[in-house]
Amino acid sequence: MGGWDVHTHLIPPTVLTAAHRGEFGLSVDNGSLIVDGERLPLRRLADPAALLQWVAAQSLDGAVVSVPPALSRYDAGVEWAGLVNQGLRELATPQLRVLAHLPLLDPSAPSAAAALAGEGVFSGFALGTPSYAGLDPLWRVLDAVEAFTLIHPGRSDDKRLESFYLSNLLGNPYETGLAAASLVFADVPGRFPGIRFCLCHGGGVTAAVAGRWQRGIDQARPGIEPVSLSVPEALRRFYVDDLVHDDAVLDLLRTTFGPERVLAGSDWPFPMGSDAVSAARAGAAEALTRPLAKEVSAS
């Protein structure tokens, strides 16, 4: 079959070492990594060989790896990002392409992105879903290197989602839609067309509410500034993975984003992921996720 799964996760070995040492507020307990009160089972998340077995079982060329969202920890700053990226470097092989972690809320993020893009190791970047306000300096760097930029939802702050596993079932799709809306209404796809944003979980709620977003623009609702692209045009500049568990929604993704913009993504090894990837969609990511090796200034 060939092709690439763009949405898989591993815990970098440097993070696990730090946890065993009790550093960065991490610990290991009964086979789980404890991160800010959240438990991440280590069995497969800490086992690159298990991911390679998945790659072989799916007849793929390889997988694109980002850290689990619990490891985003943007309040931990530059030292945390350095630890995570060193571990990602150790994971990188011809079959495992890795997405760099950025200290997204630190002023050093643009210069960090520029340096990481020039290494020839990372295939792009993975971003969580905090506020994207004030990130134009970073967008300029990612635009210049035409970076594959995976957007993965973080935890929603809405306490109403604490029951019925809604923090994942509803919170994750909402968080991804919020990130996409922040980019669309700030005209990021129009102003920085080189960035290859890819939204996880089919873009969350994005496709379902895209018409409502356009109506808000057409009616000049409060707080909306003019943008260079209509919502349909802007969304056609995003990629999404196909992890929606619903063929009707998959048809909507093809209509909204374009069939060539829907990529195979499994969310391996999490339970809410898929049991198999699509041969047709796995091939589309090969060129998109080749390791970056572009020198660029962050100024």
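User: Why does Phe24 count as partly exposed?

Analyst: This is a predicted model, and every value here is computed from it. Phe24 has 30% relative accessibility. Buried means under 20% and exposed means over 50%. The value for Phe24 falls in between, so Phe24 is called partly exposed.

User: Where is Phe24 found, and what makes its phi value worth a remark?

Analyst: Phe24 is in the loop between helix 1 (13-20) and strand 2 (27-29). Its phi is near 60°. That is a positive value in a residue other than glycine.

User: Which class does Tyr165 belong to, and why?

Analyst: Tyr165 has a relative accessible area of 45%. The cut-off for exposed is over 50%, and for buried under 20%. Tyr165 therefore counts as partly exposed. Its phi, near 60°, is positive, and Tyr165 is not a glycine. The loop that holds Tyr165 runs between strand 8 (148-151) and helix 7 (166-169).

User: What makes the peptide bond from Trp268 to Pro269 cis?

Analyst: Its omega is near 5°, and the bond is cis. Pro269 sits in the loop between strand 11 (262-263) and helix 13 (279-282).

User: Why is Gln95 called partly exposed?

Analyst: Its relative accessibility is 38%. That lies between the limits of 20% and 50%, so the label is partly exposed. Gln95 is in the loop between helix 4 (77-91) and strand 6 (96-101).

User: How do you know which residues Gln95 touches?

Analyst: Contact means heavy atoms within 4.5 Å. Residues up to four places away in sequence are not counted. Gln95 then touches Trp4, Leu52, Val55, Asp61, Gly62 and Ala63. Gln95 and Val55 are 40 residues apart in sequence, yet 8.4 Å apart in space, C-alpha to C-alpha.

User: What about Val121: why is it partly exposed, and what is it in contact with?

Analyst: Val121 has 27% relative accessibility. Buried would need a value under 20%, and exposed one over 50%, so Val121 is partly exposed. Leaving aside neighbours within four places in sequence, Val121 is in contact with Arg89, Ala92, Val98, Pro291 and Leu292. Val121 lies in the loop between helix 5 (109-117) and strand 7 (122-127). Val121 and Leu88 are 33 residues apart in sequence and 9.1 Å apart in space, C-alpha to C-alpha.

User: How do you know that the radius of gyration agrees with a compact globule?

Analyst: For 299 residues, a compact globule would have a radius near 19 Å. The protein chain has 18 Å, which agrees. Its C-alpha trace spans about 55 × 45 × 40 Å along the principal axes. The chain has 13 helices and eleven strands.

User: Which residues touch the most other members of the largest nonpolar core?

Analyst: Val15, Leu33, Leu71, Phe125, Tyr132 and Trp139 do, in a core of 78 residues. A second, separate core has 13 residues, including Val64, Leu99, Ala126 and Tyr239.

User: What does Leu71 touch beyond four places in sequence?

Analyst: Leu71 touches Ile11, Pro12, Val15, Leu33, Val35, Leu40, Trp80 and His101.

User: What share of the chain counts as buried, and what share of its contacts joins residues 24 or more positions apart?

Analyst: Of the 299 residues, 52% count as buried. Among contacts with a separation of 6 or more, 72% come from residues 24 or more positions apart.

Definitions and conventions
Residues are numbered from 1 along each chain as its sequence is written. This is a predicted model: local features need pLDDT of at least 70, side-chain atom pairs count only at pLDDT 80 or more; totals for chains, interfaces and linings use all residues. Side-chain values use heavy atoms; hydrogens and water are left out. A nonpolar core is a set of buried Ala, Val, Leu, Ile, Met, Phe, Trp, Tyr and Cys residues joined through side-chain atoms within 4.5 Å. Buried means under 20% relative accessible area, exposed over 50%, partly exposed in between (1.4 Å probe, protein chains only). Helices (H or I, at least four residues) and strands (E, at least two) are DSSP runs, numbered from the N terminus. The radius of gyration is taken over C-alpha atoms; the globule rule is 2.2 Å times the number of residues to the power 0.38.
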